[in-house]
Amino acid sequence: MTTRPVIAISSCIMGQPVRYDGEIKHYPELCQHLQTYFECLPVCPETEIGLSVPRPAVQLSGDPAQPRMTGRDDPSIDISDLMRNYCKTKIVSLTHISAYVFKSRSPSCGPNNIPVFNNHQIIADNNRGLFAETVISTYPDLPVADEITLTHQAERDIFIQQVLDYYAKQTL
Ligand code: SF4
């Protein structure tokens, strides 16, 4: 049984081969640093709903307030319902986590500034990735960050302290 905080982290940040393009984008220094404090729980919404590696890229589209998840190059691909159903079931398995480290710029995992495209492939607005939105709206006090923010040592130190404080409250 773990006695350290568990943090969820986008699987691709940990170097798992789950990205849509089949490439590995690992952040070993960040992961090793986080693992000195925390148990890291990798989560990849897109492969967990059954998508392959590689796979067609997806994007957010339609109503910026309620975006759909559709193919970037093939608009006939629409995995919105699949992803929203996943969000509903997955989120209840994450009640124990003390933070989430998201992959930036992902229509599934990006915690902010994810473009939502209109029918003309023009950015209509920005929102969160669909799974990130579920996590953040369900657990609004949960410490969250992305891999870009955590490249800065000062931001990383602040995040680690936020997680330890959150964990302390969870274990009162
Ligand atoms: S950004 Fe999220 S959905 Fe995309 S590969 Fe990484 S973990 Fe999977």
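Helices (H or I, at least four residues) and strands (E, at least two) are DSSP runs, numbered from the N terminus. The crossing of helix 3 and helix 4 is right-handed, a term used if the near helix is turned clockwise from the far one by less than a right angle. Helix 3 brings M83, R84, C87 and I91 to the contact, and helix 4 brings L130, F131, T134, V135 and T138. Two residues count as in contact if their C-beta atoms, placed from the backbone, lie within 7 Å. By class, this contact of helix 3 with helix 4 has 6 nonpolar, 2 polar and 1 charged residues. Ala, Val, Leu, Ile, Met, Phe, Trp, Tyr, Cys and Pro count as nonpolar, Asp, Glu, Lys and Arg as charged, and the others, Gly among them, as polar.

A word on what you are looking at: this is a predicted model, in which local features need pLDDT of at least 70 and side-chain atom pairs count only at pLDDT 80 or more, while totals for chains, interfaces and linings use all residues. Residues are numbered from 1 along each chain as its sequence is written.

Now step back to the whole chain. Its secondary structure comes to 5 helices and 8 strands, in the order β-α-β-α-β-β-α-β-β-β-α-β-α from the N terminus on. The radius of gyration, taken over C-alpha atoms, is 16 Å, which agrees with the value near 16 Å for a compact globule of 172 residues (the rule is 2.2 Å times the number of residues to the power 0.38). Buried residues make up 36% of the 172 residues. A residue is buried if 20 or more other C-beta atoms, placed from the backbone, lie within 10 Å of its own, exposed if 12 or fewer, and partly exposed in between. Among contacts between residues at least 6 apart in sequence, 60% join residues at least 24 apart.

Next, visit the ligand. Around it you will find S10, S11, C12, V18, R19, C44, P45, E46, K103, S106, S108 and C109, each with its C-beta atom, placed from the backbone, within 6 Å of the ligand. This shell divides into 5 nonpolar, 4 polar and 3 charged residues.

V18 and R19 also lead us to V53, which contacts both of them, along with P17, G22 and T47, leaving aside neighbours within four places in sequence. V53 is found in the loop between helix 2 (45–48) and strand 3 (58–61), and it is partly exposed because 15 other C-beta atoms lie within 10 Å. The peptide bond from V53 to P54 is cis, with omega near -5°.

Another loop, between strand 5 (99–102) and strand 6 (114–117), holds R105. R105 is not a glycine, yet it has a positive phi of about 65°. N113 lies in the loop between strand 5 and strand 6 too, and its phi is near 55°, a positive value in a residue other than glycine. N113 is exposed, with 11 other C-beta atoms within 10 Å, whereas R105 is partly exposed, with 15.

Finally, look for Y167 in helix 5 (residues 153–170). Y167 touches P5 and S98, not counting residues up to four places away in sequence.
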